[in-house]
Amino acid sequence: MGISYHGTQFDRRENPLGLTSVCNEQIELARDTALPIRGIITVFRKNTRPRTSFELARKHVSAEAPNLAVHDDSRQQDCAAGRYVPCLETADVLRHDCVGPGLYELELSAPQVAASAAPGQFVHIHVHPAQPHSPAQPHSPAQPHSPAQPHSPAQPLLRRPFSIYDIDSNAGGSITILYGVRGAGTLLLTNARPGDCLDVMGPLGRGFTLPESQSQSQSQSQSQSQPHSPARSPHALLIGGGLGIAPLVFLARTLARAGCRATVLYGANTASQMQPALLRLQASRAESVRVFTTTLDGSAGLAGIVTDLLTAEPLAAELGDIDSIYTCGPEPMMAAVEQFALARRIRGEMSLETSLACGVGACLGCARRLKAGPGASPVYARVCKDGPVFSFGQVELNPIAYGEE
Amino acid sequence: MHVGRVDARAAANDHVEAQVDLRVNLGGMELANPVVMASGTFGYGFDYEGLIGPETVGAVCVKGTTLLPRAGNKPPRIIETPSGMLNSIGLENPGIETFIREHLPRLRERGATVIANIAGETALEYAKIAERLEAAPGVAGIELNVSCPNIARGGAHFGVDQASIHKVIRAVKQATSLPVMPKLSPNVTDIVAMAAAAQEAGADAISLINTLLAMAIDIEARRPVLGNVFGGLSGPAIKPVALRMVYQVAKAVDLPILGGGGIMCARDAIEFMMAGATAVSIGTGTFVNPTLAIDVIDGMRSYLAGHNLTSVRSLVGAAII
């Protein structure tokens, strides 16, 4: 094709200004030589400075020279070593739709989060939408010595955690969350318009344990004797109540891609609340994800609560080959699911919800008591770091969920 | 086409900023910069790994640590309030031996400056912990938590009574040669009297302020929100109170101050230094902006360069009249 390739590689250490000028040099070079430049600027970061350097540089470069990739060495090293590495991204709002009564789907451009997130993990969002391109340039001539933050948030103060609902690894990588308006934080979030920026931290927490190794070993042994048969692939039962469906949608789609079968039981108050999640579940491979619904008002599926499905024929008869159960929703519902699983010795996990402050395990504010023998002194786990996903039988559940938003 | 272009002015400024001296001495603790992570908001230094490391900041005040492990309080432990939050963690920690064995070596390896925050129920307990720390390499100083509002005995009881403060500090000073810095409670009538008692007892520095005793009520359940009923208020809501206390103490007492309470940006931090703090502590702000400490360090450097100041120490007490 005759395309000139001009590879560039740079090492810059801990100097945001230096980093920006490296970007500028490359952009200049691309312009002057009129040659397409494809190169990598490697940012070595001893101290992570995502907002002031890496993020700004990445945005700057992607706007000016799309062929130039900025790549974050420290993060890659951490990922390679299997270390727990959340990141901060200034994420553009790609789509924000009201999809039901007080219900929203928000899609954010967050390539780093999208690249490493697993089902059951969450993002911690600073819910104050910002207009794009006001990132405080430390040397902006308008405010030469202003040490103030670009945004000085007052209310609501803390970030809000949201389960990752879906991921699109195409087009740079985006994440989607599903949320309902529950308080000041989510109400403020509804103001975010496409093109605005949101500060996103993630992926955080411990996600669901996928039956991955099991399916791999199975398909390997099968490949020798017989062709891969869907009947032998692992069968997961996903049980979601209300907004608890959000992490299960990501899980169902991930399981379907991994060749597992997923049966989803989904309960909500009314049919209109279920539509967005149902659409996404149906977009998964239809043969591997089956969905059964209940509504309290009877407007869709079985009238009743979702756990009724566990004992209702004909479904109950089909649940004999379940390998694992995953659940998220109101705690009384999860307690019933847990009992069902423990009685049948099926392993499974639940995802808990609570108020969080730090989201990374530092503040110990989101503690939940672990199950222990009678009279034992209390032991607590952190929902944000040790969870939000816990195995059945691990955590003391509450009859009523505390810590709304 | 010229978005983000580095101009000559910025390059010159960068040069000036490199000359700025951010080092401070906090009662014998040498800090590379005046920004300290507040106890209880940064764990044992590694929870924010990937976003901000413990070696980045001037010092890390680790999670309040007791002689024996503590499970902490019954949840709910936190609740957001206007411009702030309440917490009643109840000093959940693995105990001093685990800290010394597991956390301290990692911090030392990373080159972090560590201030051990310790709490006890009796003066003797404080002294015992201090003695253990004396023998453990890698501790720059000890912050005495004499102000935790969230435990039934000890903690705040020491911090609201001059005689008790005096007793605890004396006991700890006798047990260790490390710098000793009591973290005082704002829940007192006269903060200056408490600081004066600390100075007289031989404290090397003073840390101000711990959280303000507070509560919230769930009107549907008709009961307190927090499992422990009361909690400590932190965040920007308390900044003016904290600033006032730092100013009063700086005027009256001749000890370096670690000042903080609701710092959310470099401007807030500079205010604390001008009120008389030698270093500043950042706590709740990190929950909102995990890299706040870095932003504050950058902002201080930029402020100093912009005002042709060479040392951050020139800000200390600059606003006291």
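These legends walk through a few close-up views of a predicted model.

**View 1. Chain A at a glance.**
Of its 405 residues, 48% count as buried. Take the contacts in chain A between residues at least 6 apart in sequence: 73% of them join residues at least 24 apart.

**View 2. A seven-strand open sheet in chain A.**
Here 7 strands of chain A line up in the order 14-13-12-11-15-16-19, with mixed pairing. The edges belong to strand 14 (302–303) and strand 19, and each has a single partner strand, so one side of each is left without a neighbour in the sheet. Further in, strand 15 (residues 324–328) and strand 16 (residues 347–351) of chain A are a parallel pair, joined over 5 bridges. To find your way along that pair, look for A:Ile325, whose bridge partner in strand 16 is A:Gly348.

Now for strand 19 of chain A, which covers residues 389–391 and includes A:Val389. Is A:Val389 buried or exposed? It counts as buried, because it has 25 C-beta neighbours inside 10 Å and the cut-off for buried is 20 or more. Setting aside neighbours within four places in sequence, A:Val389 touches A:Gly120, A:Arg206, A:Gly207, A:Phe208, A:Glu349 and A:Ser351. A:Ala118 sits 271 residues away from A:Val389 along the chain, yet their C-alpha atoms are separated by 11 Å. Have a look at A:Pro388 too, in the loop between strand 18 (380–382) and strand 19 of chain A.

**View 3. Two helices side by side in chain B.**
Helix 3 (residues 123–134) and helix 5 (residues 162–175) of chain B pack with their axes 8 Å apart, at an angle of about 25°. Angles under 35 degrees count as roughly parallel, and the two helices of chain B are therefore roughly parallel to each other. Their crossing is right-handed. Helix 3 brings B:Ala123, B:Leu124, B:Tyr126, B:Ala127, B:Ala130, B:Glu131 and B:Glu134 to the contact, and helix 5 answers with B:Lys167, B:Val168, B:Ala171, B:Val172, B:Gln174 and B:Ala175. What kinds of residue make up this contact? They split into 9 nonpolar, 1 polar and 3 charged.

**View 4. A four-strand open sheet in chain B.**
This sheet has 4 strands in the order 5-6-14-11, and the pairing is antiparallel. Strand 5 (78–81) and strand 11 (212–214) of chain B are the edge strands, each with a single partner, so one side of each has no neighbour in the sheet. From one strand to the next, the twist averages 35°. Strand 11 runs antiparallel to strand 14 (residues 231–234) of chain B, and 3 bridges join them. Look for B:Ala214, which stands opposite B:Gly231 in strand 14.

B:Ser83 isn't a glycine, but it has a positive phi of about 55°. It lies in the loop between strand 5 and strand 6 (84–87) of chain B, and it is partly exposed, with 18 other C-beta atoms within 10 Å. B:Leu91, not a glycine either, also has a positive phi of about 55°. You'll find B:Leu91 in the loop between strand 6 and helix 2 (96–109) of chain B; it is buried, with 23 other C-beta atoms within 10 Å. Finally, B:Leu208 and B:Ile209 are joined by a cis peptide bond, with omega about 5°. B:Ile209 belongs to the loop between strand 10 (206–208) and strand 11 of chain B.

Note on methods
Residues numbered from 1 in each chain as written. Chains lettered and ligands numbered in written order. Predicted model: local features only at pLDDT ≥ 70, side-chain atom pairs only at ≥ 80, totals over all residues. Axes fitted to C-alpha atoms, helices over the stretch in contact; angles between N-to-C directions. Parallel < 35°, antiparallel > 145°, perpendicular 65-115°, else oblique. Left-handed = near helix turned anticlockwise from the far one by under 90°. Contact = placed C-beta atoms within 7 Å. Nonpolar A, V, L, I, M, F, W, Y, C, P; charged D, E, K, R; others polar. Pairing = 2+ DSSP bridges. Buried ≥ 20, exposed ≤ 12 C-beta atoms within 10 Å, placed from the backbone.
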